[in-house]
Amino acid sequence: MTKPHHQKGMTAIGWLVVLGLIAFFSLIVLRLAPMYLEYAKVESVMDSLRNEPGITSQSRMQILKLVENRFDVNDVRKVDPKKAVKISKDKGVMTVRVEYERREHLMANIDIVGTFDKEIRIIAN
């Protein structure tokens, strides 16, 4: 008696499906990574405001200029500080908030949308 022959491995169609899935998820990662790296830079700029001496006594325009300069140094190009940064002062506490949305084209008529929000509170000395 002979043993029945069993096929081992994947077919060409199976390999194409696996490679297609790998390519699709790689495309998504390549589109998302720059968005999150930029957000990490925005977070570092916001956190650096806490260490700025006399920040709570500066005007809104001075703080926006400071944020804009730090965005330039950190190469944050797609976030407009005049639109995204909100500054409020209340009872000795200054709140600086960056809220923005990023869209990246994925393919055809599909976009990836990321919504980012960072808020810091600085107590006046």
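What radius of gyration does the protein have, and what would a compact globule of 125 residues have? The protein has 24 Å, whereas a compact globule of 125 residues would have a value near 14 Å. Here the radius of gyration is taken over C-alpha atoms, and the globule rule is 2.2 Å times the number of residues to the power 0.38. This is a predicted model, in which local features need pLDDT of at least 70 and side-chain atom pairs count only at pLDDT 80 or more, while totals for chains, interfaces and linings use all residues. Residues are numbered from 1 along each chain as its sequence is written, and side-chain values use heavy atoms, with hydrogens and water left out.

View 1. Start with the overall picture: from the N terminus on, the order of elements is α-α-α-β-β-β. Helices (H or I, at least four residues) and strands (E, at least two) are DSSP runs, numbered from the N terminus. Along the principal axes, the C-alpha atoms fill a box of roughly 90 × 30 × 25 Å. The accessible surface comes to about 9,000 Å², and carbon and sulfur atoms account for 59% of that surface; these areas come from the Shrake-Rupley method with a 1.4 Å probe, and for residues only the protein chains shown count as cover. Of the 125 residues, 28% count as buried, where buried means under 20% relative accessible area, exposed over 50%, and partly exposed in between (1.4 Å probe, protein chains only).

**View 2. The charges of the protein.** The mean position of the 20 positive charges lies 4 Å from that of the 15 negative charges. Lys and Arg count as positive and Asp and Glu as negative, while His and the chain ends are not counted. Each charge is placed at NZ of Lys, CZ of Arg, CG of Asp or CD of Glu.

**View 3. The largest nonpolar core, with 24 residues.** Val42, Leu49, Val96 and Tyr100 touch the most other members of this core. A nonpolar core is a set of buried Ala, Val, Leu, Ile, Met, Phe, Trp, Tyr and Cys residues joined through side-chain atoms within 4.5 Å. Two or more residues come from each of helix 1 (12-49), helix 2 (60-73), strand 1 (85-90), strand 2 (93-107) and strand 3 (110-123). Helix 1 gives the most to this core, with 6 residues.

**View 4. Val96 and Lys118 in contact.** Contact means heavy atoms within 4.5 Å. Not counting residues up to four places away in sequence, Val96 touches Met46, Leu49, Val85, Lys86, Ile87, Lys118, Glu119 and Ile120. Lys118 sits in strand 3. Is Lys118 buried or exposed? Lys118 counts as buried because its relative accessibility is 17%. Leaving aside neighbours within four places in sequence, Lys118 is in contact with Tyr39, Glu43, Met46, Asp47, Val96, Arg97 and Val98. Across the protein, 56% of the contacts between residues at least 6 apart in sequence join residues at least 24 apart.

**View 5. Ala84 in helix 3 (residues 81-84).** With 5% relative accessibility, Ala84 counts as buried. Ala84 touches Val79, Arg97, Val98, Glu99 and Tyr100, not counting residues up to four places away in sequence. Arg103 is 19 residues from Ala84 along the chain, and their C-alpha atoms are separated by 15 Å.

**View 6. Gly9, in the segment before helix 1.** Gly9 counts as exposed because its relative accessibility is 66%. Gly9 and Ile120 are 111 residues apart in sequence, and C-alpha to C-alpha they are 55 Å apart in space.

**View 7. Asp75 and Lys91, two residues to check for phi.** Asp75 is found in the loop between helix 2 and helix 3. Its phi is near 60°, a positive value in a residue other than glycine, and at 42% relative accessibility Asp75 counts as partly exposed. Lys91 belongs to the loop between strand 1 and strand 2. Phi of Lys91 is near 55°, again positive in a residue other than glycine, and Lys91 is exposed, with a relative accessible area of 80%.
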